[in-house]
Structures are given as structure tokens and as C-alpha cells.
Amino acid sequence: MQPSEPINHACEDWADTKAAYRFFNNEKVTPEELLKPHRQRTISRMAEHPVVLAVQDTSFLNFTHHPKTKGLGAIGNKTQKQQGFGMHSTLAVTPKGLPLGLLTQDFFHRDPDEPSHRPQDCRKLPIEEKESYRWLQAFEQTVLLAPSGVDVITVCDREADIYEMLVLAQQKDTGLVVRASTDRALVDKDWNKLWCKVENQPVVETQILVVPKKGQQEKRTATVTVRFTTAALRPPWRPKGKKLPVITLNAVLVREDNPPPDVTPIEWLLLTNTPVESTEDALQIVQWYSCRWQIEVFHKVLKSGCTVEDCRLQTAERLQSYIAMMSVIAWRLHWITHLNRSEPDQPCTLVLTTIEWQALFMRIHKSARLPDTVPTVHQAVRWIAQLGGFLGRKSDGEPGITTIWRGWQRLQDIAATWYLVSDQAQRCG
């Protein structure tokens, strides 16, 4: 499968193209069924680690440029008039950031004719009727899928700062780290608001964080201070007399006190129900939250590398099945890139089939003679990147996902050719 090609380009002839379209038109082909084998493998990989982070996030797929596609909903704001749907995923990663696979993936869309809700109207709705309920649903799915003996910590950005989410984590007795978006009221008589209390705690550590590139802001380093405290949150008002309990959480404030000009300073107020009794505990929470960036990378690979928004399947349901399948490919590209940096000396059979690595070796070395030992992950990834235009100069560093996915596309053609040639040779021999 060519990760960045439309279906009609990825298939070799019209018969293959029609077969692909029939596949996605089959009612039995659903995102859930397509992801089921991958999810089981993800759970198996999780079982090899004592602690796993379940990182949630939402991304929106834009198909405005395909106006004939049926079943799309509104995305963006009303003035943009964009069409597409949302995708909410949970990516399992290790505390060092190695992506293990997808745990959950759900799609949703907004009715284009639905009127905009004012904030005061949204507050009157029960959580089950709000779009943000997807965070709680994914959290519950994660709890059910977590393998025995593994401490699974859900990590979310500000959109998941929902009081019901915090309550659910307490009820399930399952770890949660959420970046706060609101300055919540406290039960504490000495401190009225959360932010004020944690700001007045002593600095326990100064750290240097790597801030990834985002939009026009280039990758940089930031010097941040770390503070932490415990806080009992006052439950917010809810409609129909629904009462929520008081929750006691730990809060870790990460702040860039002296940012350089023309950059958005780092300021994370992280809420967690996991123990924070020391500086080491607080720094662990910061490290866990830093791994949230991996799901942003996954979305980038899916959209920019696999170019799923260029697919021209004619209904939202077919598109969602296609995206579910491509999500597995996007994860594999993401995984290979990270593995090259974390475990470069492992044998390349960890990431490539026998046909793939043999075809890759012969193409790069222009030789039919295979090596006596299996190449390492590091060697194989650099060869794949070389197919994608990576020059490998001293100043280039390690190849990134962009060059790897370009090389990966070429490798699939090379491996397919090598498979046909070797299979024919065995028959003739």
C-alpha cells in the first residue's frame, strides 16, 4: 500500500481499483473491525511495560474540496463553511514516548444546520449531550482495554478539563493527567482559586524543555520552573439538581518565567490523581505530559504523510473505514521513526519483513548478495530515508518522518518486485 497515494494511484490496474472501492463499500467493513487486530497487538505490546500512557486527542479531517462526498458535517466555525468530520483517538505510548499503537478511535460529525450554542446554553446541557463527552467515552474504553498488571495513565490536553472526567478517574481508580483550562474554585478557605494556590508554592526544580515546532513557531528550548501542591476542588453547578463530589487532586505548575520575545511562553497547570509527594513525582508528571506530543505527530503523519484528506471515496462512512486502515500505516511509520532513535541497535526484523529488508539491502548496495547478519534498525531506517532523499551528512542528524515515509513508499514497490522475482525463481528452481 502506498501511504500517500489516492486509491486509484495506489492500485496497479482498474480491476484492483474496483476491488478496493468494493472493499470500502462493504457494510461489514467498519473502522471498528479494521482496527480490531491492530488494537489486540497494541494491547500485547502494552503488556510488556509496567506503565503505559494513553494519550487522547481530537483532530478534524477536512473534505471541503470534495463537495460531492455525502454524510459530511460542519467543521471549523460557521464563517469558514468547511465540511468534514472529527476523529477522536487514544494512542498508547511508553513514558519515553515510544508509540505502541491505537487503543480507541471514534468518528463524529456536526450537523451543518445546527445553530451555534452560546456558552451559557452549553452549561445547561448534561455531559452526555455535549460533544466533549467523547473524552469520557474514550477514557472508559481505555480502562476496559488495559492489560492486567499494567498501570495505564490517561494523558489529555485542556479540552479534557471536564469535572465529570476527573470524577470518573476517581471512581475508576485509574491514573489521569489533564492540563487545566479553567481556574477552578477550591474548598480550601485559605485559597479561593487553584491557580493562586499553586503559584504561591515554592519552586522545586528548574528544567529545560524541548518545545516542538508548531505553526510559525520554530522548535526551541525553554527554561521552566516547577511547583506543586494538593487541592480540593469545589464541584461546579450542574443542571437538574445533579450533584458532583468534591475531588482532591495534585496540581503541578510548569511555567516559563522569562520567555524570549515573540514566542508563546510555556505554562502548564497539570492536574493528576496520581501521587505527587516529591520533586521526582512532579517531574514524572511533567515527563508524562510531554509525551502527549506523540499524538500530534501521529495526526501529522496521517494527514501529511498518508494524505487521507485527498481520498475521494463518496461517503463519510467509507472515508472513515479508509482512515482507520491508514491509521495503522501512519502508526507504523511513526513507530519506526521513534524506534530508530530509542532502540537503534535492535535487528531490523523488528520493523521490517524478511522480503522488505532483503529488497532494501540489495537496492541500496546494488548487490544480490545478502549480509551474513541481519542489519540493525538504525541501518535499515537510514536506508529507507535514503530512498526518500535523505543525504546522511554529519550535519543532517537522524532522518525525520517526512523522509522516512517518502522512502517507505518506494520500498513497498521495491519489495513487491523482489517478492515476485524471488517467488518465480523458486518455482523455476
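The model is predicted; local features need pLDDT of at least 70, side-chain atom pairs count only at pLDDT 80 or more, and totals for chains, interfaces and linings use all residues. Residues are numbered from 1 along each chain as its sequence is written, and side-chain values use heavy atoms, with hydrogens and water left out.

View 1. Helices (H or I, at least four residues) and strands (E, at least two) are DSSP runs, numbered from the N terminus. Helix α11 covers residues 354–365, and its end C-alpha atoms are 17 Å apart. This agrees with the 16 Å that its twelve residues should span at 1.5 Å a residue, the expected span being 1.5 Å times one less than the number of residues. E356, W357, Q358, A359, L360, F361, M362 and I364 are the buried residues of α11; buried means under 20% relative accessible area, exposed over 50%, and partly exposed in between (1.4 Å probe, protein chains only).

**View 2. The nonpolar cores.** A nonpolar core is a set of buried Ala, Val, Leu, Ile, Met, Phe, Trp, Tyr and Cys residues joined through side-chain atoms within 4.5 Å. The largest one has 88 residues, of which F85, V252, I323, L352 and L360 touch the most other members. Helix α10 (residues 316–342) supplies the largest share of this core, 13 residues. A second, separate core of 29 residues includes W135, I162, V167 and W195. In soluble globular proteins, nonpolar side chains tend to be buried together.

**View 3. The largest pocket.** On a 1 Å grid over the protein atoms alone, a pocket is an open set of points with protein on both sides within 12 Å along at least five of seven lines, whereas a cavity is a set of points where a 1.4 Å probe fits but cannot get out; lining residues have an atom within 4 Å of a point. Grid points are joined across faces, edges and corners, and a volume is the space filled by probe spheres set on the points. The largest pocket holds about 1,600 Å³ of space. Its lining has 38 residues, and V211, P212, K213, W293 and V297 are the closest to its centre. α9 (293–305) is one of the elements that supply at least two residues of this lining, and α9 gives the most, with six residues. The lining divides into 14 nonpolar, twelve polar and twelve charged residues; Ala, Val, Leu, Ile, Met, Phe, Trp, Tyr, Cys and Pro count as nonpolar, Asp, Glu, Lys and Arg as charged, and the others, Gly among them, as polar.

**View 4. The largest cavity.** The count comes to one cavity of 30 Å³ or more, and the largest cavity has a volume of about 30 Å³. L166, A169, Q170, L176, L249, L271, T272 and N273 line the largest cavity. α6 (163–172) and β10 (267–272) are the elements that give two or more residues to this lining.

**View 5. Loop residues.** D173 lies in the loop between α6 and β6 (176–179) and has a positive phi of about 55° although it is not a glycine. D173 is exposed, at 71% relative accessibility. T307 lies in the loop between α9 and α10, also with a positive phi, near 45°. T307 is buried, with a relative accessible area of 17%.
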